[in-house]
Amino acid sequence: MIVKELRELIERALEDAAEAGEIPAPEGVDFVLERPRHKAHGDWASNVAMVLASRAGRNPREIATALVRRLEESGCSAGDGREYPLLSAVEVAGPGFINFTLDRDRVLRELTRVASEGASYGRWDLGGGLRVLVEFVSANPVGPLHVGHGRWAALGDALCNLLEAVGYDVDREFYLNDHGTQMEVFAASVEARYLELAGKEVEFPAEGYHGSYVRDIARALLEEDGGRLVDAPPEERRAELGERAYRLMLRRIRESLDSFGVRFDNWFSERELHRSGAVLEEVRKLQEEGLAYEKDGAIWMATSRFGDDKDRVLLRRNGAPTYFAADIAYHLNKLARGYRHLINIWGADHHGYVRRMQAALEAKGHPGVLEVILGQLVNLKRGGEPVRMSKRTGEMVTFDELVEEVGKDVARYIFLTRSQDTALDFDIQLAVQESMENPVYYVQYAHARICSILRYGLGKGVEMGEEIPDLATLRRLGEEEEMDLALKIFEFEELIRDAALDRAPHRLTRYLEELAAAFHLFYNRHRVISDDAELTAARLFLVRCTLQVLRNGLSILGVSAPESM
């Protein structure tokens with residue numbers, strides 16, 4: 001575990017130097033381990049001395065020098081009891097960076113761990129099994145998913161995979177906003193189209209849903225029941241059509257997400273929350289606890305006492321609960337189900353809603369339990385030109401239409417190529433190209449090319465199996481591109497750790513492209529299978545390790561790893 005061991009080595013040096021009074025106490029120091037841009041600066045570098053110096057007002061080179069002395073004592077020779085030392089050199093650089101050069105034999109032996117751990121390579125136990133609930137997508141069930149929902153589906157699912165990879169017990173939840181005005185308007189819209197299709201003249205609701213999908217739903221319902229509701233009492237007709245339309249829309253949303261490879265552990269219904277009485281019961285408790293009060297005929301929660309910019313209404317003057325009241329009851333329900341940390345993925349338009357929800361949970365004795373990730377929208381393009389309308393319907397392009405055109409893998413990968421707090425330009429024309437300019441194709445092609453190499457080797461009678469070459473054989477790997485590829489492989493562990501803790505799945509797409517680039521460069525300059533049996537065995541092992549990490553990374557993204565293209 002080169003990166004893990006290096007981090008532990010630094011932490012031990014910090015403790016030893018602090019005990020000796022050579023550096024300030026290191027508690028809470030969050031340092032970075034990364035690959036230097038220039039090879040002359042070693043294999044890995046850390047800013048640990050600069051971070052500690054900044055906090056303590058000390059000279060960073062002095063702190064770095066003290067740490068290097070400790071590191072040399074524990075990691076640069078076999079004297080620490082290791083058969084193979086981790087480092088061959090460690091030095092202070094620039095204003096206080098510490099550069100590390102890895103022992104070559106340790107690099108080669110690390111490759112054997114990649115192979116032996118296989119699909120588990122890159123996993124950590126940082127979460128300790130803590131139960132986490134990630135709520136994402138949560139679209140109103142009154143229309144098809146749009147492209148933005150697709151981005152949140154890809155982000156939420158990949159984030160869950162990352163959290164699971166570092167030791168958290170994660171569940172995925174879709175919150176159904178199936179209560180309130182939007183559901184009533186949806187039912188009225190479907191009813192109007194239903195009657196129109198049955199030959200009746202009706203006035204379409206002023207605030208109704210005008211999308212062609214409403215007519216499609218109404219047509220399906222009409223064909224299903226033969227028009228039996230045309231002459232039914234209006235209230236009865238609207239209630240039944242609304243419920244059936246809701247079920248149909250919900251089924252389509254589920255199918256859209258299933259085809260995208262996103263499956264939820266829980267589908268939580270807002271209306272069931274209301275029907276259970278939980279919302280009004282929570283308002284009553286807030287009043288009893290002195291956290292809510294009556295004013296101007298309404299019931300308000302004193303969220304301003306907990307960091308919100310003002311108090312918020314829970315019950316309107318007519319006694320109807322607000323969305324905020326329902327959301328408080330919903331989030332407390334999450335905690336009652338045993339989840340210890342809550343992550344919500346919301347659109348950027350919910351920015352003003354975050355603090356009030358956190359304030360409400362803090363008021364109830366749960367500070368810091370709610371984490372909200374806000375995301376920007378997706379700009380669809382085709383050859384650089386904006387795409388605003390569907391060719392099929394003349395309306396907004398739906399998520400289903402995009403996936404149908406570019407494919408699940410391409411859509412998921414491209415949705416994850418940018419940080420969620422940045423607007424994403426999704427160029428459909430580039431996405432469907434089978435060229436090295438397409439990042440999805442570039443990464444998947446690296447995996448397929450390695451599979452092709454392995455098949456070619458089998459055809460030549462080269463036995464590979466799952467055996468791990470001995471160190472003498474691996475020492476045949478010494479070319480610059482071979483070492484660069486090996487070191488790029490080892491970045492995977494730290495990348496997974498940081499991407500999970502920083503909630504940044506997009507870093508994994510960038511890493512996989514860099515790994516693919518390192519492989520392609522190696523492959524273009526060096527023949528893998530040759531008449532030199534020992535060198536062939538060493539290089540085949542290196543590409544097998546590359547294959548494993550590509551698979552592990554693509555699996556976290558929810559993207560397939562094809563064996564041929």
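Predicted model: local features only at pLDDT ≥ 70, side-chain atom pairs only at ≥ 80, totals over all residues.

Author: If you're wondering about the background, nonpolar side chains tend to be buried together in soluble globular proteins.

Let's zoom in on Phe 490. Leaving out residues up to four places away in sequence, Phe 490 touches Ile 2, Val 3, Trp 44, Val 107, Glu 110, Leu 111, Val 114 and Tyr 121.

Ser 189 sits in helix H6, residues 181-197. Is Ser 189 buried or exposed? Its relative accessible area is 0%, so Ser 189 is buried. Not counting residues up to four places away in sequence, the neighbours that Ser 189 touches are Phe 204, Pro 205, Gly 208, Tyr 209 and Val 214.

Cysteines are worth a stop too. How many disulfides does the structure hold? The count is 0. Take Cys 451: the closest cysteine sulfur belongs to Cys 545, and at 14 Å that is too far for a bond, because a disulfide needs the two sulfurs within 2.5 Å. From the other end, Cys 545 has its closest cysteine sulfur in Cys 451, again 14 Å away and too far for a bond. Cys 451 counts as buried because its relative accessibility is 5%, and Cys 545 is buried with a relative accessible area of 1%.

Now for the strands. Three of them make an open sheet in the order E14-E13-E15, with mixed pairing. Why do E14 (385-386) and E15 (424-427) count as edges? Each has a single partner strand, so one side of each is left without a neighbour in the sheet. Strand E13, residues 378-382, pairs with E15 in the parallel sense over 4 bridges. To see where they meet, find Val 378, whose bridge partner in E15 is Leu 424.

Leu 424 also leads you to Thr 417. Once neighbours within four places in sequence are set aside, Thr 417 is in contact with Leu 424, His 506 and Thr 509. Thr 417 lies in the loop between helix H14 (408-415) and E15, and at 15% relative accessibility, it counts as buried. A polar atom of the Thr 417 side chain is 2.7 Å from the backbone oxygen of Ile 414.

Another pair of strands is worth a look. Strand E11, residues 341-347, runs parallel to E12, and 6 bridges join the two. One spot to check is Ile 343, whose bridge partner in E12 is Glu 371. On the way from E11 to E12 the chain passes through helix H12, residues 351-363, and this β-α-β crossover is right-handed. E12 itself, residues 370-375, is mostly covered, with 5 of its 6 residues buried.

Let's finish with some loops. Asp 309 is in the loop between strand E9 (298-301) and strand E10 (312-315), and 64% relative accessibility makes Asp 309 exposed. Its side chain makes a polar contact of 2.6 Å with the side chain of Arg 312. Asp 309 and Arg 355 are 46 residues apart along the chain, with their C-alpha atoms separated by 8.4 Å.

Two other loop residues make a handy contrast. Asp 296, in the loop between strand E8 (292-295) and E9, has phi near 55°, a positive value in a residue other than glycine. Arg 503 has phi near 55° too, and you'll find Arg 503 in the loop between helix H18 (480-501) and helix H19 (506-525). Asp 296 counts as exposed at 51% relative accessibility, whereas Arg 503 counts as buried at 13%.

Terms used
Residues numbered from 1 in each chain as written. Heavy atoms only, no water. Buried < 20%, exposed > 50% of the residue type's maximum accessible area, 1.4 Å probe, protein only. Polar contact = N/O pair within 3.5 Å; in protein donor to acceptor, adjacent residues only side chain to side chain. Contact = heavy atoms within 4.5 Å. Pairing = 2+ DSSP bridges. Right-handed = clockwise from strand over helix to strand, strands pointing away.
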